[in-house]
Amino acid sequence: MAGRFAPSPTGALHLGNLRTALLAWLAARTSGRRFLVRMEDLDQHTSSLDHERRQLADLAALGLDWDGEVVRQSERFDRYRAAIGELDRLGQVYECFCTRREIRAEIEAAASAPHAHLPDGAYPGTCRDLSDDERAERRTSGRSPALRLRTNGEVHAVVDRFAGRYVGAVDDVVLARADGVPAYNLAVVVDDLAQGVDQVVRGGDLLSSAPRQVLLAELLGGSSPEYWHVPLVLGGDGERLAKRHGAVTLAELAGGGWSAAQVLGSLATSIGCAAPGEPVTLDDLADRFDPGLVPPGPVAVDELR
């Protein structure tokens with residue numbers, strides 16, 4: 001059994017990321033699970049080892065530790081291609097030649113049609129039933145296809161520790177981009193199955209992806225993990241926290257006189273494990289941790305600094 005924290009190494013971790021990492025660590029450690037760190041660096045244009053090193057250093061500064069080596073998705077493409085091959089043998093894969101602009105236009109044109117439970121931006125199925133001649137014509141025109149999952153209107157219910165019961169239909173999600181890079185929804189499922197991850201603690205903005213990932217796990221012979229979609233930390237404008245909100249990373253807060261221990265205490269207060277300003281250790285938090293004390297809604301960043 002294992003839990004995990006899986007950031008994308010595209011910049012410094014902010015307070016929202018660090019709060020999720022702390023919750024993931026506590027959820028794993030207090031339930032006897034291993035705690036793993038995985039770098040979701042599929043896109044090599046935006047990911048870097050420098051960002052990875054800084055993120056790992058920030059986790060360590062808070063005292064968070066992990067089991068085994070850090071896994072990088074960029075080093076596991078063979079596993080993802082093998083999974084796509086298995087899905088193809090099941091008749092669940094088809095080529096999609098649509099551009100993002102074409103998909104967006106079709107979605108907008110069908111905006112008034114009912115799509116109960118479908119995630120935002122659900123693919124409308126444009127290339128789903130192309131004939132062999134139509135696919136050949138698109139290849140001749142120079143288009144490289146992405147690969148999509150062929151679904152059949154499956155609806156999955158996810159029981160989440162924070163969000164409760166969430167029901168979502170699964171669309172024909174991308175499995176690999178036109179440039180051959182495996183897609184997030186596939187990679188995360190393949191990795192969780194391979195690493196024995198049965199507890200997923202992550203940001204609440206990823207809840208709508210859970211039904212897709214449950215279906216992929218089942219198709220690949222696995223089962224759904226225990227989900228904890230953590231309510232987000234929001235900036236002063238009410239939007240999801242980002243670097244533009246300022247003073248949101250450990251380095252930025254250190255410039256304002258904050259120690260890592262003080263940041264840990266502030267995060268602990270936000271999850272119901274400490275009084276405001278109380279010095280705490282991770283051992284203290286492990287003794288006190290109760291997911292029922294975590295506030296059920298979003299947290300404003302000004303409450304953390």
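Q: Let's start with a surface reading: is Gly142 buried or exposed?
A: This is a predicted model, so everything here is read from predicted coordinates. Gly142 is exposed, at a relative accessible area of 58%, and the cut-off for that label is over 50%. You'll find Gly142 in the loop between helix H5 (132–140) and strand E5 (146–149).

Q: Where does Gln73 sit, and is Gln73 buried or exposed?
A: Gln73 also belongs to a loop, the one between strand E3 (71–72) and helix H3 (77–89). Gln73 is buried, with a relative accessible area of 1%. Beyond its neighbours within four places in sequence, Gln73 has contacts that include Arg38, Glu40, Tyr80, Val188 and Asp191.

Q: How do I read a nonpolar core, and how many residues does the largest one have?
A: In soluble globular proteins, nonpolar side chains tend to be buried together. Here the largest nonpolar core has 44 residues. Those with the most contacts inside it are Leu15, Leu22, Leu59, Leu62, Leu64, Leu267 and Leu285. Several elements supply at least two residues each, among them helix H1 (15–29), strand E2 (34–39), helix H2 (49–61) and strand E10 (226–230). The largest share, ten residues, comes from H1. Apart from this core lies another, of 21 residues, including Leu42, Ile84, Val93 and Val188.

Q: Which residues does Leu64 touch, leaving aside neighbours within four places in sequence?
A: With those neighbours set aside, Leu64 is in contact with Ala21, Leu22, Trp25, Leu59 and Leu282.

Q: On to charges: how many salt bridges are there, and which residues form a network of them?
A: Side chains of opposite charge can pair when their charged atoms come close. The structure holds 24 salt bridges. A network of them links Arg4, Arg38, Glu40, Arg76, Asp191 and Asp192.

Q: What parts does the pair of Asp192 and Arg4 tie together?
A: The side chains of Asp192 and Arg4 meet in a salt bridge at 3.1 Å, N to O. Asp192 lies in helix H6 (residues 184–195) and Arg4 in strand E1 (residues 2–5), so the pair ties together parts 188 residues apart in sequence. Asp192 is buried at 9% relative accessible area, and Arg4 is buried at 4%. Glu40 counts as buried at 10% relative accessibility, and Arg38 counts as buried at 0%.

Q: What about Arg202: which side chain of opposite charge is nearest, and how far away?
A: Arg202 is buried yet has no salt bridge. The nearest side chain of opposite charge is Asp192, 5.9 Å away, while a salt bridge needs the atoms within 4 Å. The Arg202 side chain does make polar contacts, with the side chain of Tyr184 at 3.2 Å and with the side chain of Gln213 at 3.0 Å. Arg202 itself sits in strand E9 (residues 197–203).

Q: Last one: how many disulfides does the structure hold, and which cysteine sulfur is nearest to that of Cys127?
A: A disulfide is a covalent bond between the sulfur atoms of two cysteines. This structure holds zero disulfides. Cys127 is in none, and the nearest cysteine sulfur, that of Cys98, is 3.5 Å away; the cut-off is within 2.5 Å. Cys127 counts as buried at 4% relative accessibility, and Cys273 is buried with a relative accessible area of 3%.

How values were computed:
Residues are numbered from 1 along each chain as its sequence is written. This is a predicted model: local features need pLDDT of at least 70, side-chain atom pairs count only at pLDDT 80 or more; totals for chains, interfaces and linings use all residues. Side-chain values use heavy atoms; hydrogens and water are left out. Helices (H or I, at least four residues) and strands (E, at least two) are DSSP runs, numbered from the N terminus. Buried means under 20% relative accessible area, exposed over 50%, partly exposed in between (1.4 Å probe, protein chains only). Lys and Arg count as positive and Asp and Glu as negative; His and the chain ends are not counted. A polar contact is a pair of N or O atoms within 3.5 Å; within protein, one must be able to donate a hydrogen and the other to accept it, and residues adjacent in sequence count only if both atoms are side-chain atoms. Contact means heavy atoms within 4.5 Å. A nonpolar core is a set of buried Ala, Val, Leu, Ile, Met, Phe, Trp, Tyr and Cys residues joined through side-chain atoms within 4.5 Å.
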